Amino acid sequence: MSKVKPAGRIYVYSAPGYDTEWTRTAGSTTITGRGRYKIGYTGRPDPRVRIKEQTGTVYPEGDGIVVHLDEPAVKEGGSAFSDHDVHRVLDDAGVQRKQEVVEATLDEIRAAIAAVRAGRPYDPGRTADFALRPEQVAAVEQTARYFLEHAQDPHPPRFLWNAKMRFGKTITAYQLARRMGWKRVLVLTYKPAVRNSWRDDLVTHVDFADWIFADRDHPVDPSTPNPVAWFASFQDLLGTNADGDVKDHNVDLHLIDWDCIVLDEYHFGAWQGAAKEVTSPTTSAAQTAEAEHKAVEADAEHADEIIDLVEAGTPRLYSGVPSDGLDADLDAAQLALSSKHYLYLSGTPFRALTEGEFNEDAIYNWTYPDEQYAKEQWTADPGRDPDRNPYRELPQMQMFTYALSEVASMEIDQGADGLFDLSGFFEARKVGTEYHFTDEERVKEFLNMLRGRLSQTATEKLLNNFKPPFPYADERFADAVQHAVWFLPTVASAHAMKAALEAHPYFRDYLVHVAAGNSAKMGAEAKGPVDEMLAKAAKLGKQTITLSVGKLMTGVTIPQWGAILILRSLKSPESYFQAAFRVQSPWVTRNEDGTRTVNKDTCFVFDFDPNRALTLIYQYGTKLAGGSSKTAPAEVIGELIEYLPIFAFDGGRMDPVDVNAVMDWGTIGAGAAMLAKRWGSPRLIDLSEAVLTKLLADTDLVARLEQMEDFRNLTQDATRIIAHSKKLREAKKSKGSGGDSEPEDPEVTAARKAKRDQVNTLRSKLLKFVQTVPVFMYLTDYREQALVDVITSLDTQLFERVTGLTLQDFHKLADVGVFHPAHMNEAIWQFRLFERASLDYLGIAPREPDAHKFGLWDRTVPEPPAHAL
C-alpha cells in the first residue's frame, strides 16, 4: 500500500535588511512600497526548521527573523502547489523578484497564494481564501437540499438560519449562492450598519472574483452577465420620492427577478407590515393585517433606534412598533419584489420560532452552546492541533447578576408589577443644555459600588461581611472591562452617565463615548466614532466605555468590547441576547513574528436585576424549545448555562445558578399572582382580520355564541373591526406625497381608536373562556396528554361545565385560530410546572403510564428532569 505524502507548507518570512523601499510600474501607475519577503516551500511540518537552515549561518540565533505566513500548500481540489507557483503569479503581476525574495506587500503575497490555491486569476484585493467551517458547510448543504426539494412548490421556498452572532452568515450565504448557481442575490435589512460585512466578504474572497457588490451608492447595470449581490435597507426601499413613487435608485430592484432575497437580522422588523408585503408577494391583505395587529402588541425597546430611523427619512415603520401611526404609507402592490428563494438570517428569531413560521425541516440551528461544544471537542481531540482550532478565538461568556437592593444604602424603586425597575433607577432628564439623573446620589453610589466601595449602610446589609466580585474591582474582570459597553434606558440617561463618569475620581480617566441620540450618527456611521475612540485609547494606554441606548446592539462587531453592563429593564429576550452577544466577538491581533494573539478568552455580562435576567434566560429556553416538538425548555436552558455560567449575588454569597433556579424564576418564582396575570395576557387571543373573517364565515358558531350575554353583538363588533382595518389600510395607500408632515385625517384617527377599543373589548370577553382553562387543568386528572385531546375525548363533560363552551364550539374556535396555540403552549407549560411543584409538595404522584410527559395545548413534551422542577 502506497503512503500518502503529507501536505507541504508555504511560508513567508523577512530578515534584517529587508525593510527597504521599492517602486515598480503597473501600466501608467507607479507603485511605491516598503519591505521585501522570502517566499518558500518545505515538506516538513514546521517551516521554522527549514528557515533555520537557510538563515542559520548569517543569523545563528534567529534574531530579526519574522515569520509572517505559514499555511498548507494545498489547492482546493487537494493537489499540492509550491513556492514556484506563487512566484509565477507575482512575476506576471510585475512584482520584482531576486530568486525567492520579492518586493511586494504582504497583502499582495496573500492574494497570490489565494489565487494559486483557488485556481483563479490574481487580484491583489482578494486576500481571503479560507474554507467554511463544518457547521457552515452543513448549513449550505441542508438549505440547498431543501430549496431543491421544494423547487416545484406553488410558492417560493423559505428557509431560516437560527445562527448566533459570529456564525459567519455573510460568507456562508454567499457560498450557498455559489452552491445553487445563483446570479442575482438581494440582501435586505433594517440594520444598514451590517453593509460593510456583506461587502468585505464578497470583494476580498477569491471564490467571488467574478461577483459584483452593489448598493444605492454603487448601482450596477441589471443586464450585466456577472453575478450580483445587491445590498439595500428596508428604510430606503420602503421610502418614496416626493410624488409617492419608488425612488429612482430602487427601480431596478423591482424589475430584477431575484434568485434569492436574503433577509438579514430578521428579528428586527422584516417580518411585519409593509416589509412583509414587499418581500412576500404571496402575502394576503388579511395576513398583512394580522402581522400589523401583532406588531401593535410588540415590545418597544429600541427607542433610540426609532429616532435613527425617523432621522434617516424612514417611512413610518419600525420593527413592528407603530407609535402614533408609525406605519408604512406605501402601496405594497407597487413595491412587491420577485424572488425564487427566500433566506432568513437571525441570531434571535424567537418570534418566528414561537409562531411556527417555519417548518422544522426549514430551519438550520447553530447556537452558542453548539459553538462552545465544538470548541471543547476540538481541544479534547489529541489528534488535532489546538493552535488550528477554528473556534479558539470565540470567547466563553459568563453572566454575573447583582441584586441592587442588597448593596444599596437607599430603598430601591419597584415597578407596577412589584419588581425592581432598573430603567427607573437610571431615570434622567434634560435641563437646559445639560442632562441630569433624577437621583444623582444613588447613581454616584452605584459607580462606587462598581469599584467595590460600599457605603456603611450597604456594608451592614451584607451577610457574613461577604462582598461580591464587582466589575471594576475584581481582578478576574480586569482585562474584560478595559473596553466595555453600558446599555442604558434613554438618550438622557446616556448623556447624564457620561457627565457622572467624567466627574467620578476613578472613571474620569476613561475615554467615554455616547453612542446615542442625534449626534451619534446613524447606521454604519455610528461605529466610526467608537473605532476612533478605541484607536486613541490604544495610543494613550486608556480604557474606554461606550454608552448605548440601542445603537450598535445588533449586527455590529466591536472586537475590543469584553463586557456589557445592562442598566435598563428589558422584556424581550431578543433584545437582551442581541445586546449580550455584542461582547462575544473575537479580538485577535497579528504579531510581528506571524503568530496571532487571542486577546479575549472570556467575556462578561453584568446584570443588576437578577429577577429580570433569569426570567429572560427562561424565556430564551421556552422560545427556542417552541421551535421544536422534541425539546423541552429545561433541556435548552441546561445546555445554555453549561457553557454560559450564571452567578447570582443574593447578599450572602455569589453562587452559580442551575437549571432549577432558572425554571423557578421563570415560573414558580414569579408567584401565583404573576402566573394568573399570564393567563390574562392578550397574546392568548388572536383577533387579526384573518381570524375574524374565518369566524364570521361560520354562521352556526356565531349564532350559538350570540346566545351568550357577552356576545350578543358579536357579528356587529367583528364586522366593525374588519371595516376599520380596511379603512386604515386604504388610508396608508392614499396618503400620497404629504409624508410625515401631512396631518392625519380625523376620520382615520377615529377609526384607529375605535378599532383598538373594539378589539380590546372583544378580547376581554374571549379571555373569560381562556381564564377558565387553568381551573379545568387543575380539576382534570389527565395531566400527561395534550389539553386539546383531553377536552375532546377524555374529560369533555368537565370542560363544558367549567367553561360553558360546548365541545363543538370549542373545536370551531380553535380551528379558526381564536386561541393562539404557541402562546397557549407557553402558558400551559408554566402552569404545569407551578402545579407540579404543588403536587410534589403534597406527595401526589402523576398518573401512569405516561407519567414522564407534560401535556400542553396541542402537543406533549418530555417532563423536565426532577432538578428542574
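Q: Contact means heavy atoms within 4.5 Å; with that in hand, what share of the contacts in the protein chain with a separation of 6 or more comes from residues 24 or more positions apart?
A: Residues 24 or more positions apart account for 73% of those contacts in the protein chain. Before we go on, please note that this is a predicted model, in which local features need pLDDT of at least 70 and side-chain atom pairs count only at pLDDT 80 or more, while totals for chains, interfaces and linings use all residues. Residues are numbered from 1 along each chain as its sequence is written, and side-chain values use heavy atoms, with hydrogens and water left out.

Q: How many helices and strands are there in the protein chain?
A: Helices (H or I, at least four residues) and strands (E, at least two) are DSSP runs, numbered from the N terminus. Here the protein chain has 33 helices and 30 strands.

Q: How do I read burial, and what percentage of the 869 residues counts as buried?
A: Buried means under 20% relative accessible area, exposed over 50%, and partly exposed in between (1.4 Å probe, protein chains only). In this chain, 53% of the 869 residues count as buried. Helix 16 (residues 440-450) gives you a list to look at: its buried residues are Arg442, Val443, Glu445, Phe446, Leu447, Met449 and Leu450.

Q: What sits at the N-terminal end of helix 16, and what follows the helix?
A: Asp439 caps the N-terminal end, with a side-chain oxygen 3.3 Å from the backbone nitrogen of Glu441. After helix 16 comes Gly452, which has a positive phi, near 80°.

Q: Is Gln584 buried or exposed?
A: Gln584 has a relative accessible area of 0%, so it is buried. You will find it in the loop between helix 20 (573-580) and strand 24 (588-590).

Q: Which backbone oxygen lies 2.7 Å from a polar atom of the Gln584 side chain?
A: That of Pro395. A polar contact is a pair of N or O atoms within 3.5 Å; within protein, one must be able to donate a hydrogen and the other to accept it, and residues adjacent in sequence count only if both atoms are side-chain atoms. Another case is Asp70 in strand 5 (residues 66-72), whose side chain makes a polar contact with the side chain of Arg9 at 3.0 Å. Asp70 is partly exposed, with a relative accessible area of 23%. Asp70 and Tyr11 are 59 residues apart in sequence, yet 4.5 Å apart in space, C-alpha to C-alpha.

Q: How do I describe two packed helices, and at what angle do helix 20 and helix 21 cross?
A: Two packed helices are described by the angle between their axes and the distance between the axes. Axes are lines fitted to C-alpha atoms, for helices over the stretch in contact, and angles run from 0 to 180 degrees between N-to-C directions. The axes of helix 20 and helix 21 (residues 610-625) come within 9 Å and cross at roughly 105°. That makes the two helices roughly perpendicular, a label for 65 to 115 degrees; under 35 is roughly parallel, over 145 roughly antiparallel and the rest oblique. Among the residues making the contact are Tyr576 and Phe577 of helix 20 and Leu616 and Tyr620 of helix 21.

Terms used
Contact = heavy atoms within 4.5 Å.
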